[in-house]
Amino acid sequence: MATMRLDKLLCDLGLGSRREVRDWIRAGRVSIDGTPVRSPELKLDPASCSVSLDGKALRYQVDHYYMMDKPVGVITATEDPAQKTVLDLLPPELQRLGLFPVGRLDKDTSGLLILTNDGDFSHRVTAPKAGVEKRYLAEVDGIPDADDVSAFAAGLILGDGTKCLPAGLECLGGGRCIVTVQEGKYHQVKRMLASRGKPVLSLRRLSIGALELDETLGPGGIRELDQQELCTVFLDRKPKTKA
Ligand code: URA
């Protein structure tokens, strides 16, 4: 791995601002391989030495992945002059990591949102060719029925001529249903259901691939994803059955 400055390394970990970590280093709180160092400019290879702060070993991590239960009322953006964004909900130590949302949920949609600083990962999740399934719980005005299920499975054509890939629709009774799509066109689920005369009243994303929303997080809650969970993003929730 390439060498990097000690102060940058500590910042990348989200431990503090550049100014704070420099103060800690100058105060002798940071050690490399057990020896205190006092120079923020010192260059090191994080893969080949052990860095500690106040005697506690630090694990250098370049890429970060978090799951958020996005609440209704905030926009999926990194910044906005007028509206609250999902990044505004992060605690200060996470705001320093350069995270951005993977894909987009509408302001009035809640549920599973992945935040990362890994552009390749984001692309692999959102690229239409990747075919990663996203599952939504929708409440609609009307009662979805077997005809809607068939129309979704055949691939809907929206009012403006947009062709949708075949999608899943599961009726849960009353106006509740589960929609599974493999793409992420603009307002896709709302437009699909509206095209069947069932306008969406509320929408919540439940899963991406086989990664399920952690319902214990609560609105605006966030937690780190471990490597195993990350892999599940690229798996199907249910193994596909042969035709
Ligand atoms: N489809 C929509 O219509 N809205 C979302 O937020 C996500 C999928």
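Which helix gives the most to the shell around the ligand? Helix α6 (residues 188-195) does, with 3 residues.

## What you are looking at

This is a predicted model, in which local features need pLDDT of at least 70, side-chain atom pairs count only at pLDDT 80 or more, and totals for chains, interfaces and linings use all residues. Residues are numbered from 1 along each chain as its sequence is written, and side-chain values use heavy atoms, with hydrogens and water left out.

Helices (H or I, at least four residues) and strands (E, at least two) are DSSP runs, numbered from the N terminus.

## Around the ligand

The residues surrounding the ligand are Leu-105, Asp-106, Thr-109, Tyr-136, His-187, Gln-188, Val-189, Lys-190 and Leu-203; to be near, a residue needs a heavy atom within 4 Å of the molecule. By class, this shell has 4 nonpolar, 3 polar and 2 charged residues. Here Ala, Val, Leu, Ile, Met, Phe, Trp, Tyr, Cys and Pro count as nonpolar, Asp, Glu, Lys and Arg as charged, and the others, Gly among them, as polar.

Now for some distances. An N or O atom in the side chain of Asp-106 is 2.7 Å from a nitrogen atom of the ligand. A polar backbone atom of Val-189 lies 3.1 Å from a ligand nitrogen atom, and a backbone N or O atom of Gln-188 is 3.4 Å from a ligand oxygen atom. The protein buries 94% of the 240 Å² that the ligand exposes when taken alone (accessible areas by the Shrake-Rupley method with a 1.4 Å probe).

## An aromatic cluster

There are 2 aromatic pairs, where rings of Phe, Tyr and Trp (its six-membered ring) pair if their centres lie within 6.5 Å, and planes under 30 degrees apart count as stacked, over 60 as edge-to-face and the rest as tilted. Tyr-65 and Phe-121 make an edge-to-face pair, 5.1 Å centre to centre with 70 degrees between the planes. Tyr-65 lies in strand β7 (residues 65-70) and Phe-121 in helix α4 (residues 119-126), so this pair ties together parts 56 residues apart in sequence.

The rings of Phe-121 and Phe-234 have centres 5.7 Å apart and planes at 85 degrees, so that pair is edge-to-face. Tyr-65, Phe-121 and Phe-234 form one cluster. Phe-121, at 2% relative accessibility, counts as buried, while Phe-234, at 32%, counts as partly exposed (buried is under 20% relative accessible area, exposed over 50%, partly exposed in between).

## Two loops with positive phi

Asp-33, in the loop between β2 (30-32) and β3 (35-36), has a positive phi of about 50 degrees although it is not a glycine. Asp-54 sits in the loop between β5 (51-53) and β6 (56-57), and its phi is also positive, near 50 degrees.

How values were computed: Buried means under 20% relative accessible area, exposed over 50%, partly exposed in between (1.4 Å probe, protein chains only). A polar contact is a pair of N or O atoms within 3.5 Å; within protein, one must be able to donate a hydrogen and the other to accept it, and residues adjacent in sequence count only if both atoms are side-chain atoms.
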